[in-house]
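Subject: Structure handover

Hello,

Here is the structure we talked about handing over. Please open it first, then read the notes below.

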Amino acid sequence: MFWRVEVKEKDGFYDAAGEGVKKDISDLGLGNKVKDVHYAQVYLIEGDIDEIDAKKICEDLLIDPITQEYSYKGPAFNEKIYKTVEVAYNPGVMDPVEDSAKKAIHDLGIKGIRAVKTAKKYLIQGSLSYTDIHSIAEKILYNKVIQHVVSGRSEIHPDIPPYEFELRTVDILTASDDKLKKIAKNGQLFLSLEEMRQIKKYFKILKRDPTDCELETIAQTWSEHCKHKTFRGKIEYREGVGKKIKINNLLKSTIMKVTKELNKPWCVSVFHDNSGIIRFDEKYDICFKVETHNHPSALEPYGGAGTGIGGVIRDPLGTGLGAKPIINTDVFCFGYPDYPYNKLPKGALHPKRIMKGVVAGVRDYGNRMGIPTSNGAVLFDENFVGNPLVFCGNVGIMPKGKSFKKVNKGDLVVVVGGRTGRDGIHGATFSSGELTHETHEGSGSAVQIGNPIQEKKVTDTILQARDRGLYNAITDCGAGGLSSAVGEMAESLGAEVHLDKVPLKYKGLRYDEIWISEAQERMVLAVSPEKIDELINVFDRENVEATVIGKFTGGKKLKLFYGGNLVCDVEMKFIHDGLPEVTRVAKWRRPKFKEPKINNNKNLTGDLLSLMSNLNIASKEWIIRQYDHEVQGGSVLKPLQGIGSGGPGDASITRPILDSNKGIILSCGINPDFGKIDPYWMAAGVIDEALRQIVAVGGDIAKTAILDNFCWGNTNKPDRLGGLVRASWGCYDIAKAYGVPFISGKDSLNNEYSTGKKTISIPPTLLISAISVMDDISKAVSMDAKTAGNFIYIIGITRNELGGSQYYKMKGFTGNSVPQVDPVYGKKLMNALTGAIKKGLIHSCHDCSEGGVAVALAEMAFAGGLGMSAHLGAFTPPKQQKALPDGILLFSESNTRFIAEVKDELKFIKAMSGLPVWKLGYLRRDKTFRIFGADEKLMIDTDIDALKEAWQKPFSKL
Amino acid sequence: MGKAKVIILRTAGTNCDKETSFAFERAGAATELIHVNELSRMEKKFDDYTILAIPGGFSYGDDIASGKILANELKFRLDEGLRKFIDDGKLIIGICNGFQILVKAGLLPDLAGDYQTIEATLTLNDSNKFEDRWVYLKNSRAKCVWTNAIDKIMQLPVAHGEGKFIPKNKAVLEQLKKKGLIVFEYVNEFGRSAGYPDNPNGSVENIAGICNTTGRIFGLMPHPERHINFYQNPRWTRDRKAKNGEGDGLAIFRNGVNFAKKYL
């Protein structure tokens, strides 16, 4: 029997889904045409059950008897007055509710269920035309990558016919260059002609054509995503008309060089595992990884972002012998949410939809995994339209001694967790190319569908197996799927895998699809044969599948079989080292932006209030609160601080071991506006920013490690690559001087959106994520002002550096005077401040970044519910510097600066001796917020309520 | 007198189990993290424990409705052992998702006394989204063993999307009041009833937690296990004097554990 059930809210109960859609429709500008929107949840149940069973399922499972009602004989609503849109998943896309619904029906004592599917039905009342409905459906209700609008009624999709094996080879031995290019393009391999030629050469020696599977394996392994060939390849760099500079392996000669030269004893494992590991205490190590998931999020924001966080969680889980994931981070860059629909590039989703989807995707995955999201940032720029950036990070903790793995000859290859489906095919290669308006049509299967509860189950059981010593090595199935995971683990030994043994979500997958599918929530283990039964039992007890699919042979070859047929037989050496070396050309010429004239003599209250409401500065509370930042109980310094938890914290502090006072500080630095002017100084600035946030809460840069995530435009274009070289040099110079090692990193190149005629490149963007071990969390300092009468000091020099500032951006300019960094002085200053905080001399501390001194002062004041009086006249310019106008002192974004609340001035000044500090003013009992100019003229005159309201307003309506 | 033995119930999607266990241990109990499969396979028996704690999380992904699937599992598959556990006067606490589970299984408030009639629900927040924020709670002087002698305004965090408490009808609400089953109400910092965000989800009558008529089964949306220690309170950097003090939530666990030790 087939039952179709519709569930709706009873009259008088809030129809949240309907109301949400109504709001979204009104955001589209169609609000006046819509009277009402309702929602019905549709369940399609197939099995040998009678009406009594069906009613029981409805009443005891599918509805909430207090608030909902159901109908299994036709629609739940009287549909005459509505236009209806029913949205269902595409065939082959996993329905996230199916498994748990089946289990729950079984718990009711009802057997014989074959399938449960869901659909969403929207009922819209109003004067909408067919075109309006079509546009609403496309913009709000469904995403064609994974869903479709049902014409007529949803059905459970008929069984997919079983796959019949047929070995497919690709004819390359006789292929011309043109043909080779075509093979690469049509197969979505994203391989260059040189690379295709190299493959041809290899197979010529073997005297045969490659199978599709072999070609795919090579393409996955050689993809930019997996191999980082730009960063690791040869580059010829030239600045203007200057001399050519030859670079061999940019990564090794900059980022990794810092770590090597600093040689910190607490760096346990860097740059070779799935995340970087540092020592936490005598018993534990911690690891940290940040990834991007930009292209999937551009296509399907909810699923793309969700699997972004899901994927990065598996990195610590797959590091060493497995770390427990304990903290998430997230950093997003979007186009402006009020971007005009008519300007939107063809095929791109609207930035507001991307933002809402990304936020929800990360929320639902992270929250369901039970991992606190403690740190992040959100930035806006019009060049992120079409190509948003979604950075997701995860910190893990593992017992000391579990930080290394080793695959042994004869170990079994075991795949654990979710089943393999057609989702996420070509993710690694697809993410290595640029997005176009056609990508939305063609790469649907590149989007992965996440199931966080599956990943939670996998995590729970893997940690049990780890603690019982049941496996020798582990890695995650990420980009490239089994192909990458097994390929990596078998690099030195070789492996054979029987693809027909891999558990599938549904029938019909070809052997090569099984091999490269990026279906989520899977891990690969290397297990000694004598431990396999015990291992499988650990997983089985908690309903997780673990399946032996092959073994690590020692034959140094990758051999894949399907039903006994050999479908891949290549040497590991060629897969990993066969990539041809290419020299890429990089050019750099500093762009010239228009320099604005700023009137510094007028009252700046209005400017400050506008700046507080600028999206890059305004409160992100709307997002922060949707993320559980306290689960696991370790949160010590939260993202929102002060009175009513209404102030933006600098860095977060987490205590991973609940009965120890040792903590982990996390922070991030990112500034694409600096990147537009000069990526070198952007890199310098964001390293400085990440470090000063660590210091502002009481951390120590000597115990800090950093991660790099480069997101760039198409680096095959020399100007983009030139910027990348400069940013890498910035990383080396500044991190080395600060004495802070990189422990892990990742690059995402080709972040451009092309509509054929026009290409939008993202601004060069480097995210620096910092992690620091804090010995005693009780010494931590928050950013909210504490006590009226206490003094406010500025620490660090303000320069005429408004280039790339939010102040200029608000006025419609970029400018040229990008802030620079002097790390020698910066290090001294930060170390002195760390000392002062340890001594308890600082009552609140906030770093100066976007919006400069003025914004930092305002945030501290309203976060503490205290007014403030400040005098810019207190600044005496350092030697060889002219006195600066008030507007520059207030809004310049010079690096290495802090605002500190001080009570004992003598002790503070002594602790900071020899360093530039100025007393700006004091905290007031009332709410007045006043800043006087250098000539004592009142430049800013407002109160903290107005400032806080301006700061909270922009996102409060979302 | 031995330690109170606590089941910390786990299943797919449970995620506050470790810190709930930590809180009970701090309160002097011996805890075991037990997967629901171990109970249904009879490898572990309710009988061997005196307290059942259902921690927060997203059991089975909150698919279909929050807490529903585990609620049904308790109701239809583990009912025998669980009924005896309750009949023996043993204690149950459900936190966040655990509260949703108890309500949706018909174990709270259970005015009918049949361990199965659903008399209330926890549904989508008025704000229409998941929110993590700290709230103030007033003990409404219910006869609940878990909150006995707690008289100050408590500070605990909530973190949920579906925490709006709705009783089935007026009669149920009246009974809850009359029988003193409302344990915690959301208030402002001065202890008075206030709107959003002090009442973070729009719960009827600001209800944050309720107990059954014996006062031994208790469920609440806020997370007491996240305020065991001073440093978990978001305001600790504003008031350092209370250093090394304990968090408000610990008293709840201590009450339960002490009661179990004394009487069970």
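Start with Lys638(A). Leaving out residues up to four places away in sequence, Lys638(A) touches His629(A) and Glu630(A), along with Trp134(B), Gln232(B), Asn233(B) and Pro234(B). Keep in mind that this is a predicted model.

Where does Lys638(A) sit? It is found in the loop between S24 and strand S25 (640–641) of chain A. Is Lys638(A) buried or exposed? Its relative accessibility is 5%, so Lys638(A) counts as buried; the cut-off for that class is under 20%. The side chain of Lys638(A) also has a polar contact with that of Glu630(A), at 2.6 Å.

Now the interface. Chain A puts 69 residues into the contact, and chain B puts in 56 residues. Between them, the two chains bury about 5,000 Å². Carbon and sulfur atoms account for 52% of that area. Which residues of chain A lose the most area to chain B? They are Ile66(A), Arg541(A) and Arg625(A). Together these three make up 13% of what that side buries.

One salt bridge joins the side chains of Asp107(A) and Arg77(B), with 3.1 Å from N to O.

Several elements of chain A give two or more residues to the side that touches chain B. Among them are helix H2 (51–62), helix H3 (98–107), helix H14 (351–369), helix H17 (452–467) and helix H29 (852–864). Helix H23 (621–624) and strand S24 (635–637) are also included. By class, this side of chain A has 28 nonpolar, 17 polar and 24 charged residues.

One more residue, this time in chain B. Asn255(B) lies in helix H7 (residues 250–263). Why does Asn255(B) count as buried? Its relative accessibility is 18%, and buried means under 20%. What does Asn255(B) contact, leaving aside its neighbours within four places in sequence? The partners are Val145(B), Trp146(B), Thr147(B), Asn148(B) and Ile150(B). Cys144(B) is 111 residues from Asn255(B) in sequence, with 9.6 Å between their C-alpha atoms.

Over to you.

Best regards

Terms used
Residues are numbered from 1 along each chain as its sequence is written. Chains are lettered from A and ligands numbered from 1 in the order in which they are written. This is a predicted model: local features need pLDDT of at least 70, side-chain atom pairs count only at pLDDT 80 or more; totals for chains, interfaces and linings use all residues. Side-chain values use heavy atoms; hydrogens and water are left out. Contact means heavy atoms within 4.5 Å. Buried area is the accessible area (1.4 Å probe) that two parts lose on being put together, summed over both. A salt bridge is a side-chain nitrogen of Lys or Arg within 4 Å of a carboxyl oxygen of Asp or Glu. Helices (H or I, at least four residues) and strands (E, at least two) are DSSP runs, numbered from the N terminus. Ala, Val, Leu, Ile, Met, Phe, Trp, Tyr, Cys and Pro count as nonpolar, Asp, Glu, Lys and Arg as charged, and the others, Gly among them, as polar. Buried means under 20% relative accessible area, exposed over 50%, partly exposed in between (1.4 Å probe, protein chains only). A polar contact is a pair of N or O atoms within 3.5 Å; within protein, one must be able to donate a hydrogen and the other to accept it, and residues adjacent in sequence count only if both atoms are side-chain atoms.
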